[in-house]
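Student: Hi! I'm new to this one, could you walk me through it?

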Amino acid sequence: MGIEKLHLEDALEDSPQTRSLLSVFEKDAMTLKKYTTGLHNCCQRIMKAQNELCAATQSLSQHLRDFEIQKFPLESDDSVLSSTLKQFSSYLDDVSSIQQVLSAQFSETMMYPLSRFLQADLEEVTTLYEMFQMASNEHDNAMNRYMRLPKKRESERQRSEHNEELYLMRKKFHQTSLHYYSSLNALQYKRKCSLLEPVMGYLHAQRAFFQMGQDAVGKKEIEDFLNNISTSVQGVQQEMKAETKKTVELIDSLEQQSAHLYHAEPMVDMPYIPPNTTLTQKAGYLYVRSKQLIATKWERSFFFTVGGNLMSQTRGELAGSLVLDLNEPGVLAEPHESDDRRFVFQVLSPKSKRNIVLQAENEREKDEWICTLNNIVRESGYVKGKQGSQAKPKERTPSANSLSKQGSGSVSPDQGSLGSMSSTGGQALPRTPAPTPSSSFVAEAPIQFDLLSPTSPNGGVTSSLPGPPKRINPFDQSSNEVLDTLDSAIDSATFVESFVVRFLGSMEVTTDRGEKLVHETMRQIMAARAIHNVFKMTESRLVVSSECMRLIDPATNTLRTQFALADISFWAAHPENTRLFGFITRTKAPEATHSSFSCHVFECNISAEEICQAIGTATKLAFQALMEKKAMEKIHQVKTREKHLLLQNIQQLEDAPEGEEEEEGGSLHNLPLSPDGKYLVLTAADESEDAFQSGDLAQPMENLTVEPLKQTISDSFDTEDVEPESEA
């Protein structure tokens, strides 16, 4: 094969020519070790990269599966994108499994032979090199000592010792040389095997990997899936291009339309735009004047009108704050002359003795703000409806605490009236499914943000009246009715629980039940509060009892409103936020032909599920009490009727002469007896025999006389204190 070798026969002689040839082999071995170490590093890098690719593929697959559990506000739960990514993750799992097999094959066919060559063969040559150098030095020292023996005066013993030492060192050197030469010769053969095996193992593993990949990923179904996804992606890209084109055109149009707004004060060459004097809502930035000691300060804020209130909001605030209630008597907006500012106007409120000075950007803005504020004052806080339709009140701002998050949920029972409930936990009886939330709201129905006092006979919340009457101050929580303690109905209730709640709002709905309807009402109310920057709520104490539900002012113990349990048709908590719940009530006006329904939404400090459970327990107990009451009334009516019939039958009997009470067989001639002669027949012939065999209504006939019978029956019914009813 043309492989150079060290001649083992020359090992003992150790000539300079042999040493020169040995140095060539040693240099070759050191170069081979250095190269093999670099090759091992490259293969180790491939191995690490393969392991990292396996881990990265697994991480990518898991990340794709996690898409469906993410809460994207603009992504639906059942979107096509979620199912597509989930399908991709399953394919990536197959790829990751194949990559793990490839990693294992790299370890066995590439890394193991190369590591064995480095650790066994090359390290052995290095070790033998060191041993050869030591043996060579020891042999040279022993030879030098032997050769220095003097010719005279030398004993036989010393020559023998040095000769034996030289023998041992030469033998050791020869044996070490033979092993060393043999390893260097074998290294020339191992070089070709050990360097080719790793690369061959790498290619074999890759071929197997590609074959398994073709079998796993090259399926027809995957090809069809990828083609469909590619078509969908191309369609989305086309839509995005079209949308981008529309967006660019819209931006150009908006820039052209807004050209006259770039100047705070219009240029003289621009066309004149008159102010709109019919506005009832307006929003924009104004400068408001405030006094600090002896100086005057102007600050820029965003002002807007909502629910008959002038509100302001700075850029750092999350919600707006009330500046002035425009429904106060005498409120007036008018121009104002200022020494250092232009386009200034003021809003006067004689009741609160406030004078709010504001500055607009130009004369047109100033006139529009003045007209808008005066229009709101003139209409008592309400916005006129469209032409030909009845005016509807605007959304009102609430009163009390801070704006809440969105939130909490549970399925609620429905009793209609208490008589229609089941006796198992107050769950609703089966009925026609409620319509979808989008179709369950009354068209243009206002959202009520205030708690109203009870005006209906059942104590429920009344619906909004048509027309624009004077709006009460929404931040006034006073009430004329003061409850020092709960009334006797609550005191005698078998179940009472109290919770701290905050009223978020209510709106009219078209049906009396539906969990989705309650959740959609919550969303509508929370969205309206966010849009109109309504951030205050009325805090109340909700008392849930088996008699009724009441909302009480916790500060003054005044009754705000109450709901009869018979009017509460459905309640539910929000499925995500555990602090929100709502319930639906029925309200029927005396002149109305059908009932109207309203959904009321509240926020609480505890889990809304607890309040829903309390309402369910209260309605269950109320239903049981109602059933027991009806049963007692029925028993009372039966006893009263039977007493009346008894007295009528007994009054028709003639008194028997004294001493003739008993006749043959111990029976009575003039008494209406049963066929067996043991009981008195009290009613007509159509009465069943079983009705007279119940305790006090049947008397044994042994040793019975007429007078004692009359007295006994009269005494038994007198103790019940019941007025006899007329016979039906």
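Student: What should I know before we start?

Tutor: This is a predicted model: local features need pLDDT of at least 70, side-chain atom pairs count only at pLDDT 80 or more, and totals for chains, interfaces and linings use all residues. Residues are numbered from 1 along each chain as its sequence is written, and side-chain values use heavy atoms, with hydrogens and water left out.

Student: How many residues are in the largest nonpolar core?

Tutor: That core has 31 residues, and L22, Y180, Y181, L184 and L187 have the most contacts inside it. A nonpolar core here is a set of buried Ala, Val, Leu, Ile, Met, Phe, Trp, Tyr and Cys residues joined through side-chain atoms within 4.5 Å. Buried means under 20% relative accessible area, exposed over 50%, and partly exposed in between, using a 1.4 Å probe and protein chains only.

Student: Which helices supply at least two residues each?

Tutor: α1 (16-65), α2 (80-147) and α3 (156-217) do, and α2 gives the largest share, 13 residues. Helices (H or I, at least four residues) and strands (E, at least two) are DSSP runs, numbered from the N terminus.

Student: What is L184 in contact with?

Tutor: Leaving aside neighbours within four places in sequence, L184 is in contact with L6, L22, F25, E26, A29 and V125. Contact means heavy atoms within 4.5 Å. Apart from this core lies another one of 25 residues, including L451, W571, F581 and I615.

Student: Switching to packing: at what angle do α2 and α4 pack?

Tutor: At about 145°, with the axes of α2 and α4 (residues 220-257) 12 Å apart. Axes are lines fitted to C-alpha atoms, for helices over the stretch in contact, and angles run from 0 to 180 degrees between N-to-C directions.

Student: Which residues make the contact?

Tutor: T84, Q87, F88 and Y91 of α2 meet E221, I222, F225, L226 and I229 of α4. They divide into six nonpolar, two polar and one charged. Ala, Val, Leu, Ile, Met, Phe, Trp, Tyr, Cys and Pro count as nonpolar, Asp, Glu, Lys and Arg as charged, and the others, Gly among them, as polar.

Student: Now the sheet of seven strands, what's its order?

Tutor: This open sheet runs β4-β3-β2-β1-β7-β6-β5, with antiparallel pairing. Two strands pair if DSSP finds at least two bridges between them.

Student: Which strands stand at the edges?

Tutor: β4 (321-325) and β5 (332-335) do; each has a single partner strand, so one side of each is left without a neighbour in the sheet. From one strand to the next, the twist averages 40°.

Student: How many bridges join β6 to β7?

Tutor: Six, between β6 (residues 344-349) and β7 (residues 354-359). Q346 stands opposite V357 in β7.

Student: And β14, how many of its residues are buried?

Tutor: Nine of its nine, in a strand covering residues 596-604. Both faces are covered, with F602 among the buried residues on one side and V601 among those on the other. Eight bridges join β14 to β8 (residues 496-509), and β13 (residues 580-587) also pairs with β14 over eight bridges.

Student: Last one: is R342 buried or exposed?

Tutor: R342 is exposed, with a relative accessible area of 53%. R342 lies in the loop between β5 and β6 and touches E265, Q359 and A360, not counting residues up to four places away in sequence.
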